Each structure stands twice: as structure tokens, then as C-alpha cells.
Amino acid sequence: MSRINRVFSAILLVAAMPLALADALVDEARERIDRGDAAGARLLLEPFSDQRAGEVTFDYALALAMLDSGDSLGATVVFERLLLTKSDFHGARIDLGRAYFNLGRLVDARRQFDRALNAGPPPLAARLVARYMAEIERIERRQKFTRYASVGTRAGYDSNVNSATELTEFLGFGLNDQSRERDSDFFEAALTAGGSYRLTPRLRLGGRASARFRKNSQASFANSDVYAIGARLDRQAGRQSQSLALDAFTLSLDGSRNSTAFAITGDWRFNLTDTLSVGPAVRLGQIRFQDSLSVKDVNQWALGAVLGWRFGSDGQGMLDSSMLLGRDDAVETASRFGRDVWLWNSSVNWRFSDTLTSAVALSIERSAFDDVFFEDLFTDAREDLAFRARGAVDWQFAPRWRLQHALSYRMNDTDIGVFEFERFEMSLGLRYVWY
């Protein structure tokens, strides 16, 4: 489609010449675009953009150079300005549709293509628009209902797999091997299935279910199984978007149920610009442990804010960040597990191509507990600082197959050594997607 785009753009440039007086600058830019040197044409035109902004022929050449050199976002600004002056310049309208298409704004792209088709374009332009419209329909069908299934493995090392002390005696009690700090490498197998369905053009519902089975080679008594489900509802309305998610899991240790938890999270984002969004966020949940550990049961709430920023010449980068302040309220009066929580999460995703993406994520969680743990040894209330880092690569090596690889590190620093640990993980997963 790129060769047709270049030929079509060259024809439109020639057709645009009567709209304003041609000059050597625009002629040279047009020749560079014809040769496929859009970046060179842009460098030639941009120094004159302040004094010549508003000239139809100049604006069209500049916008086209920006579009064909990869700056679709910048091109939309110039195309929109041009069409305010010359609304019947349907060649520019088609190229504005191309820019919207590149940015993933399919509704806006379809609107521009429809207007151009209604004007009765030449056969070459009509064929180009038909190709884009067919591609939009294909993408929309794919986005309507998406399903996936994946299998994965994970291997790593945990410095304190059973959250215990390294002492042989604690508070006057002798400790057996299972009650003392044990480090271990581990291996995990996982199965995940999920999908999403677009209920309306603005509303999408998604869900997933997963099972993970972890074996610790040096501490089999800490082997774990986790079963999780989740659902999410997203709504996009103009320059606002809302999301509501429900997540739940149950954890078993050494074959016995350890804990069950669920959480509801939601956010309301306002698009300040085409690339920046901010808004409030809320989280509500609870954790319930087996009867012998019920002292750890808590109800949770947190409030905060979220921020999203799309960057890069063609919007290929995405920063997503959130900050939450909240509390875990202990269910039992005598519990020591009530705490105030501060949590910061941030991730950066970068799309190298349609088939290769990467992600880096960081999170910090600070916990200030209400009470002193182990009064015979400590006088101050417990405080924890948890840190997590993760890097991942996602490669689509075939039309419906994706290979996913990640490295992660997690650390909990606390004044109560029993709860300190470091964990390194490497994961590899294979995902199949169908529509």
C-alpha cells in the first residue's frame, strides 16, 4: 500500500498547484516526496512553517512530508488546519484519514474516508480509500471479539520462601527446619485463558482465568497453587474513559488452602490532550486466611490518581502510572496486621513494530503497621518497604502466536527479619490468539 500512497500523494500535489502560487520551495519538497525522501522534504519546509502556515499548498506539502516520515500526530495538526481553510480539498482529507488510521483512531479515519468518497474521488484515490476501509473493517472485526489461551513456565530463586527467621530459637521456642528461613529455587507452570468482547463501540468487556503451580526444590512444604479469575469493563466516551475491574484468587500451600482474596478497582480518566490523560482511582478488597491464620484477615481500601502518556513520533510509547494511599483494616480486634499503605506503580511500553513490543515496570509499596510485632524483641511498630521491577518482551512470530519472555526482581525490606525476602524470576510463555 505504501507505493500506491506515494503515487497518489504525488498526483494530489500536482492537483493542488492551482490552489496557490507554486514556488521553488514547494516544488523541491514535492520532488523529494516523489523520490520517497519525505524526511528531507520535512527538513526543507519546517524552517518556513511559522511565516507560511495557512498557505494551502505549503501546508499540504508539509503535512504530507510529516505523515510519510512517520509523524502522524504532527501531520493531523497541519491537515486539520488546512481543511479549516479549504474544506473541499478531499485529497488532504484522505491523507488526514491515513494519519488517523496510523494513530489507531479508526472512527475518525472512517469519518474522513466517508466524506472523501461522497465527493466522488478519482479511481486511484477511490481504490486507496477502499483498501483502508477494508483494513479498518478487518481490525474492527478482530477488536470485536478476541480470545486467547497461553501456557507458560517460570523459574527463579527465593531467599526466604517460607517467610521465617534464620534463628534456631525464637521467643524461647526451638525451631524445626520448616520454621526456619529457607531459600530455594523454584519452577512454575501456568495455564491462562481469556478474551474480550466489544459490547458497543464505546464499551468492552473482558475476562480471564488462570492456574499456577509452583514447586520449590529445597522447600517442598512451601509448594503453592494459585487459581485466579478476573473481569474488566472499559468505557470510552469522547475525551473521557472509565474502567472497572474485579479480581479474585485462592492460594494453597502444600495442598491446604491458605488464603482467598478479591478486589474491585476502578478509574476515571480525562484526556487533557490527545496524548495525556489523568484521573482518580479507587481500590476496595479483602483477604481471608484459613481459620488458624484468621488473625491476618483484613479489609482493604485505597484512593489515588492515575496518569497515562503516549509518546514517540508515531505514538509507539506508552507510560502508565498510578499512586494510591490506603489502609488495611484488621478484622479481628487483637490482630497486628492493620496498616497504612502507600503504593506507586509505573510501566513503560514501547512498540518497536507491529510484531515486537517491550515493557518495563516498577513499583514501590510502603507499609506502616499499627502495632509492634514480637514485643520481646522490638519496641517500634513494624514498617516494610517492598520494591518490584520487571522487564518483558512480547514477540508475535506468526499471525496468531506470541512468545512472551520476562525477568523480574522483588524485594521486601523490613525491620522484622522474618518478613524479609528477595526473589528473582524468569518466565517464558506461549500465547495463541483467535478472533
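Visitor: Hi! Let me start with a tryptophan: is Trp-434 buried, exposed or partly exposed?
Guide: Trp-434 counts as partly exposed, because its relative accessibility is 26%. Please keep in mind that this is a predicted model.

Visitor: Thanks. Where does Trp-434 lie?
Guide: You'll find Trp-434 in strand S16.

Visitor: And how far apart are the C-alpha atoms of Trp-434 and Tyr-148?
Guide: They are separated by 6.3 Å, while along the chain the two residues are 286 residues apart.

Visitor: Nice. Are Arg-423 and Asp-158 buried or exposed?
Guide: Both Arg-423 and Asp-158 are buried.

Visitor: How many salt bridges does a search of the whole structure find?
Guide: The search comes up with 30 salt bridges.

Visitor: Which residues are linked in a network of salt bridges?
Guide: Arg-154, Glu-188, Arg-212, Arg-214 and Glu-425 are linked that way.

Visitor: Let's move to the helices. What does Glu-28 form a salt bridge with?
Guide: Its partner is Arg-32, with 3.0 Å between the closest N and O atoms. Glu-28 and Arg-32 are separated by about one helical turn, because they are four residues apart in helix H2 (residues 24-34).

Visitor: How accessible is Glu-28, and what about Arg-32?
Guide: Glu-28 has a relative accessibility of 26%, so it counts as partly exposed. Arg-32 is partly exposed too, with a relative accessible area of 22%.

Visitor: What about Arg-111, which residue does it form a salt bridge with?
Guide: Arg-111 forms one with Asp-108, where the closest N and O atoms are 2.8 Å apart. Helix H8 (residues 106-118) holds both Arg-111 and Asp-108, three residues apart, which is about one turn of the helix. As for accessibility, Arg-111 is partly exposed because its relative accessible area is 44%.

Visitor: Aromatics next. How many aromatic pairs are there?
Guide: The count comes to 16 aromatic pairs. One of them is Phe-369 with Phe-373, an edge-to-face pair at 5.6 Å centre to centre and 80° between the planes.

Visitor: Why does Phe-369 count as buried, and why does Phe-373?
Guide: Phe-369 counts as buried because its relative accessibility is 9%. For Phe-373 the relative accessibility is 4%, so it also counts as buried.

Visitor: And what kind of pair do Trp-395 and Phe-397 form?
Guide: Trp-395 and Phe-397 form a tilted pair, with 5.5 Å centre to centre and 50° between the planes. Trp-395 is partly exposed, with a relative accessible area of 42%, and Phe-397 is partly exposed as well, at 38%.

Visitor: Now the surface. Which residues form a negative surface patch?
Guide: Asp-380, Asp-413, Asp-415, Glu-420 and Glu-422 form one. Asp-380 is in the loop between strand S13 (356-369) and strand S14 (383-398), and it counts as exposed because its relative accessibility is 54%.

Visitor: One more loop: where does Glu-46 lie?
Guide: Glu-46 is in the loop between helix H3 (38-45) and helix H4 (49-52). With 31% relative accessibility, Glu-46 counts as partly exposed. The C-alpha atoms of Glu-46 and Leu-62 are separated by 7.3 Å, and the residues are 16 residues apart along the chain.

Note on methods
Residues are numbered from 1 along each chain as its sequence is written. This is a predicted model: local features need pLDDT of at least 70, side-chain atom pairs count only at pLDDT 80 or more; totals for chains, interfaces and linings use all residues. Side-chain values use heavy atoms; hydrogens and water are left out. Patches are made of residues with over 30% relative accessible area and no salt bridge: like charges are joined within 9 Å, nonpolar side chains (Val, Leu, Ile, Met, Phe, Trp, Tyr) within 5 Å. Accessible areas come from the Shrake-Rupley method with a 1.4 Å probe; for residues, only the protein chains shown count as cover. A salt bridge is a side-chain nitrogen of Lys or Arg within 4 Å of a carboxyl oxygen of Asp or Glu. Lys and Arg count as positive and Asp and Glu as negative; His and the chain ends are not counted. The place of a charge is taken as NZ of Lys, CZ of Arg, CG of Asp or CD of Glu. Helices (H or I, at least four residues) and strands (E, at least two) are DSSP runs, numbered from the N terminus. Buried means under 20% relative accessible area, exposed over 50%, partly exposed in between (1.4 Å probe, protein chains only). Rings of Phe, Tyr and Trp (its six-membered ring) pair if their centres lie within 6.5 Å; planes under 30 degrees apart count as stacked, over 60 as edge-to-face and the rest as tilted.
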